[in-house]
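This report covers the overall dimensions, domains, chain contact and nonpolar cores of the model shown below.

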Amino acid sequence: MEEVVLRAKNMFKDFGATKAVVDVTIEVCKGCVLGLVGENGSGKSTLSSMIAGVYPPTKGEMTYLGKEYKPKSVLDARKSGIQYLTQEQGTIDGMTVAENIFLGEEAQFSKFGNVNMRKLNQHAREILNNNGLDYVDPSKPIEYYSFEDRKMIETARSLSQQPNILIIDETTTALSQKGRDRIYEIIAEQKEKGTAVVIISHALDEIEMLCDEVMVLRDGAYIDTIRRDEINPQIMRQKMIGRELGGLYYRGDVESTYEEEVVLSVENLSVDGLFSGISFDLHKGEILGIGGLSECGMHELLKTVFGAIKPTSGTVRIIEGGIHLTSTAVSVKNKVAYIPKDRDKESLFQATSIKDNIVAVSLDNLKTGMFILPKAEKKMANEEAARMEVKMQSVEQLASDLSGGNKQKVVLAKWLANNTKIFIMDCPTRGIDVGVKAKIYKLMDDLKHQGISILMVSEEMIELIGMADRIITIKGGKQTREFIRSANLTEADIIEAIV
Amino acid sequence: MRKQFRKIVPLAGLVILIAVFSLTTDGKFTSANNIRSIIMQSAIVLVAAVGTVFVMAHNNLDFSLGGACAFSSVAAYLISGGNMYLFFILCIVFGVLCGLLTSLIHIKGRVPAFMSGMCIMFAGRGIAQTAVASRSMLLVSATKLNNLWVFIAIIAVVFTIGFILFNYTKIGKYQKLIGTNPKAAELSGISISKYKMLAFIISGVTVGIAAWLTIIRSGSVSANTGLNLEIDVLLALSLGGIPMSGGSATKMRSVFIGTLIYFILNNGLTLWGLNANYVDIVKAAFFLFTVTISIDRSQKTLIE
Amino acid sequence: MKKLVSMFLIVAMLCTFAACGSSDDAGGTSPSSSNPAGDTTTDSGADKYKIGMIWYGNTDAMGGTFYAWANRAAEVLDVELVWALGSYTTADELADCENLINAGCDAIYFIPMDTAANLQLGNACQEAGVFWAISNRDIIDKEIYEAVYSNPYFVTHIYDNSYDVCKDMVKVLADEGYTKVCMISGDPTDAMMVDRNAGFTDGCKEYGIEILGTFQSSTDSAVIVDGVSNFLTLYPEMEAILAVSGTAGVGEAIISTLEGSGKEQGSIKVAAFDTFSGNEKAFEDGWLVTSCGGYTSECLVSFLSLINRVKGNEVSDSVTTLTLAPLLITSAEEMEIFSQYVDNPEVFLYSDEVIKSLVGSDVTANDYQAILDDWSIEFVKKAVGIE
């Protein structure tokens, strides 16, 4: 029924002492879309890299179109008909669009060593048009175009070579909704043509939508294959981490619940060039979500609310005491917290102990007389780290040694230590494994029930729908709509308001 | 393991120096008089270094020290007219003034701190030179304080207060956080300008005290008072293993270890009677060696 | 582990290096643990007297010359020298002094960079019971003078008598018939300059020369250039310029300003204290008519008298105070002799015999003064064996 195009049997890959892939067998069929999912370090990228020719397996055999398959390089694999799209930049600066499209194949356009640019551009033009990229000029230098356009051009290049297998490795993460939609289209088209598609992604909803089959990997080993109708994010997650998620992932309730009392009021807030006229009230015990495209201004909005960016006009006020948040110091003093999107650069002190990170904003509370005693610091750090279940050797360890998820736990611990009443979070679960994500969601739920308020920006619609009491959407720096939490709220509803 | 090694190098260097000189000078190095000399010679740099640590911790260099020292001595001299207590207080006052100016130019004028420091250095030295050229500035009464116990007392008090402030109060702790990651510090509610200014003020206090000690040793204010103080302090701290870009690994003990290495080396080489032409080479070799090993290259990669 | 071992190796290397290096030097200490190749003069530390030399540096003309002379004299007189170079402030000189005393020196010789240095180093020496001597600076502060002169360990004080030389320089101009001059004066708080200022002004008064204008000298050549240009503009009748100092670029600045002024070569005369580069050419071109310099003899005599005292010969029961008049140079030929033989580290103007003759129980203060009085171009010529 389904013709097997490639079979990789008993694949192993070691990097020094690290066993990235342990005895995995995978089959890719004509016209099928196969999803590969797993946490960071599960081996999914390594596996597909071996198929794409990036490096050879330590052990294992591959058969492609009935013959033994041992690609020497990515170019080799490409020539055989296996195209590989990744998250990073795949086109080369310093060359035109057309040159990039025909990279390595200029020979077909040259006579006696001179490349016929007109012909090159002509053919490139054709390829671009076939892939919905009419607006791209093949003779322009590639740097002229945005990251997304370049990714599309790269995709067009891959498709023009009529691949048998198309591997898409986390490509959609860096794209806008428009870009993602285009990729989905392409996948559907290729499936029709009979191309085998392998897609690797963290966005489980995407996987659910696109795939015929999903293979789950964990710690380099094969766990299970989920078929057609059984595919849903919950099952995938369960298999990815290997244990029951204790029932819920996001919040269990489907109603918007928060108290009447307003704790923070933003009025007509504007920063020239970024956003304008934003107003909203944050209530006690409320999780208020803010959604929008990456450049809509919402990230800067949060920084402005916290006091890190000076607004051109408008006010941010804490109702209790009527205090205006004019600087980060004022905010912190008033028990407001800010969790930046860029964890490593903006919220963590890398070459510093976990302890120093955790106590950083709470020093005033730790004082004995005029001084801060090491014993008090250690006590607080240990307590908070335990509360957040940070996986570490001791609080004296350097923060940089921790994994992404644990780093975020430390950041949260820091603010919890200060008895924060209002949290301002920017993409709090970005780049974090499913297990830790679940913990953070639970924490947010607990905080909400304690009467603590959360203002949250997220680029994951699902997260907003799953966690927020209300969602405000921002488009082009302006507020567009407000959605109330409900079981019927869908991504499509929100997306409409932000693009 | 590497990190541990890097931390001990300065201390090991000091211990080795002390051992080498003790064993090779027939007891001259360890004589009471010699130890007394070393303490008194190193006091000025030691005191100034305590304040400088605060500035270096938040990733700045204070180049104003020499000029500030000269200016403070001159201004204090002219106003106090020889009263040693008043002179002491005024030295500190003017030292703080220089520190404030340096930090204000840096923060408000958005000039890199090392440049604003140099402005103060040139201005201070220039003013001092002009003032000294117009009248003699002898302060013989100051020399009466040139004794071991005054110096030990000052060193002890300054170092203790510096140590406590640096390790047990916000003032010190925030310097380290700002040095490690200024963006994260700001987003943690730390007012960067305020704390940078505090660091420069503390540096100003210690340079004022250092100026006072210089006059006690010299008996007069001259155009060369405080010459090269900022370089000496920087060298001493480097020898003590202080990280160049500050941050959490900054330690107050670098002050003691580094300054002692510097002056013990100087003292020991003289006791040996090393051929004068080789002295600078030996010093340079020792400096390079210690500093190269102590530089923490790993810190560079962490904050990409 | 590797680093630890290599560190030990290097330190060990430094030790042996230092040990070898210092035993070459006429004044080195041999660390008791390593005494190379049978030094049969035995306890080389114990019997030889040690003199601590605090000196500004041995890379320039005067510095290098005295360094060479002193080392030679030490060999001849069988004493050990310990040098501490590079100090320019009292605090640094004091540190050197303390270290030298701790190193076991029996006497300290130095040039006080600042008047207070006399007091501070003098006290340190007195406390340690160590003799000391200075040269090249007068002490003008009364309080310090009294304190220091009552210090029983203060042996010798020699300073420049610039007063007479300055007057002589003015006389040279007067003899040529000049009557209108401008003056570049010295810092009135500097002991050296006070004498020179007085020498010039008194000399002018005595020989009937009018001083049209004055400005204070500076090590900043821009100040010199501006000042001289101003002189040329304001006083077209000026015939000569008196300068209290020519070092640190001052002399060069004066000459180059004159040369660039468009005036005829040699139409304005210069009488400058000290020597500077381009001296000879300036003489030949006719700009420079008289110059003076050469103080190293002061250093030597003070140093020798210190050795004398250390060896137990008391020349006087109070401080021996002497003065030296620097060499007066009045022609290009004399300038040539000066450049070649004075302040040249390879020329020893005082023979080993002379040096030996200045240390002994029968030596008197007059003997020292005689050496200083002898200091002249003729003496130099005789010493090197020219006509």
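## Overall dimensions

With 499 residues, chain A would have a radius of gyration near 23 Å as a compact globule, and its value of 25 Å agrees with that. The radius is taken over C-alpha atoms, and the globule rule is 2.2 Å times the number of residues to the power 0.38. Along its principal axes, the C-alpha trace of chain A spans about 80 × 45 × 45 Å.

This is a predicted model, in which local features need pLDDT of at least 70 and side-chain atom pairs count only at pLDDT 80 or more, while totals for chains, interfaces and linings use all residues. Residues are numbered from 1 along each chain as its sequence is written, and chains are lettered from A and ligands numbered from 1 in the order in which they are written.

## Fold and domains of chain A

Chain A contains 18 helices and 24 strands; these are DSSP runs numbered from the N terminus, with helices being H or I of at least four residues and strands E of at least two. Of the contacts in chain A with a separation of 6 or more, 68% join residues 24 or more positions apart. Two residues are in contact if their C-beta atoms, placed from the backbone, lie within 7 Å.

An automatic or database domain assignment divides chain A into domain 1 (4-241) and domain 2 (262-498). Eight residues from domain 1 of chain A and six from domain 2 of chain A form the contact. On the domain 1 side, helix α8 (residues 233-241) of chain A gives the largest share, three residues.

## Contact between chains A and B

Chain A contributes 25 residues to the contact and chain B contributes 22. In chain A, α10 (328-333), α11 (343-347) and β20 (371-372) each supply at least two residues. The largest share of the chain A side, four residues, comes from α10(A).

## Nonpolar cores

A nonpolar core is a set of buried Ala, Val, Leu, Ile, Met, Phe, Trp, Tyr and Cys residues joined through C-beta atoms within 7 Å. A residue is buried if 20 or more other C-beta atoms lie within 10 Å of its own, exposed if 12 or fewer, and partly exposed in between, with C-beta atoms placed from the backbone. Buried residues make up 44% of chain A.

The largest nonpolar core has 283 residues, and A:I424, B:V47 and C:I108 are among those with the most contacts inside it. Leaving out residues up to four places away in sequence, B:V47 touches residues including B:I154, B:V158 and B:L213. A second, separate core of 62 residues includes A:L6, A:Y64, A:L120 and A:M236.
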